[in-house]
Amino acid sequence: MKRQTTTALPIFKTPFRVEKDARELEIFNEYNRLMSVQGQSAMGVTDHLMQKYGIHSASTIYEIRKRVAARLEREGATL
């Protein structure tokens with residue numbers, strides 16, 4: 001059985017996907033920046049981000065953070 005070698009193939013994204021990825025990365029980075037403050041409340045940060053970005057569910061913030069972390073890990077492994 002031949003082993004496939006992976007080469008850097010281009011990833012084609014729609015303009016909407018590019019915009020969404022950028023917004024999610026912004027939320028991810030802001031969450032981490034705010035949580036780096038000693039004694040910071042995770043719920044307070046989540047509420048702030050929900051209000052700032054017009055998100056109606058705290059679980060959406062969690063899902064965004066999880067998605068971005070996985071994407072960064074995946075991209076870091078391929079670089």
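This is a predicted model: local features need pLDDT of at least 70, side-chain atom pairs count only at pLDDT 80 or more; totals for chains, interfaces and linings use all residues.
**Asp21 first.** The cut-off I needed here is under 20% relative accessible area.

**Partners of Asp21.** Next I asked which residues pair with Asp21 in salt bridges. Lys13 is one of them, with the closest N and O atoms 2.8 Å apart. Lys13 has 41% relative accessibility, so I noted it as partly exposed.

Arg71 also forms a salt bridge with Asp21, and here the closest N and O atoms are 3.5 Å apart. Asp21 sits in helix H1 (residues 15-35) and Arg71 in helix H3 (residues 58-78), so this pair ties together parts that lie 50 residues apart in sequence. Is Arg71 buried or exposed? I found Arg71 buried, as Asp21 is.

**The network.** I then followed the links further. Salt bridges join Lys13, Arg17, Asp21, Arg71 and Glu75 in a network.

**A pair in helix H3.** I turned to Lys66 and Glu63. Their side chains meet in a salt bridge, at 3.7 Å from N to O. Where do the two residues stand along helix H3? They are 3 residues apart, which means about one helical turn separates them. Lys66 is partly exposed, at 44% relative accessibility. Glu63 is partly exposed as well, with a relative accessible area of 33%.

**Tally.** Last, I looked up how many salt bridges there are. The count comes to 8.

Methods: Residues are numbered from 1 along each chain as its sequence is written. Side-chain values use heavy atoms; hydrogens and water are left out. A salt bridge is a side-chain nitrogen of Lys or Arg within 4 Å of a carboxyl oxygen of Asp or Glu. Buried means under 20% relative accessible area, exposed over 50%, partly exposed in between (1.4 Å probe, protein chains only). Helices (H or I, at least four residues) and strands (E, at least two) are DSSP runs, numbered from the N terminus.
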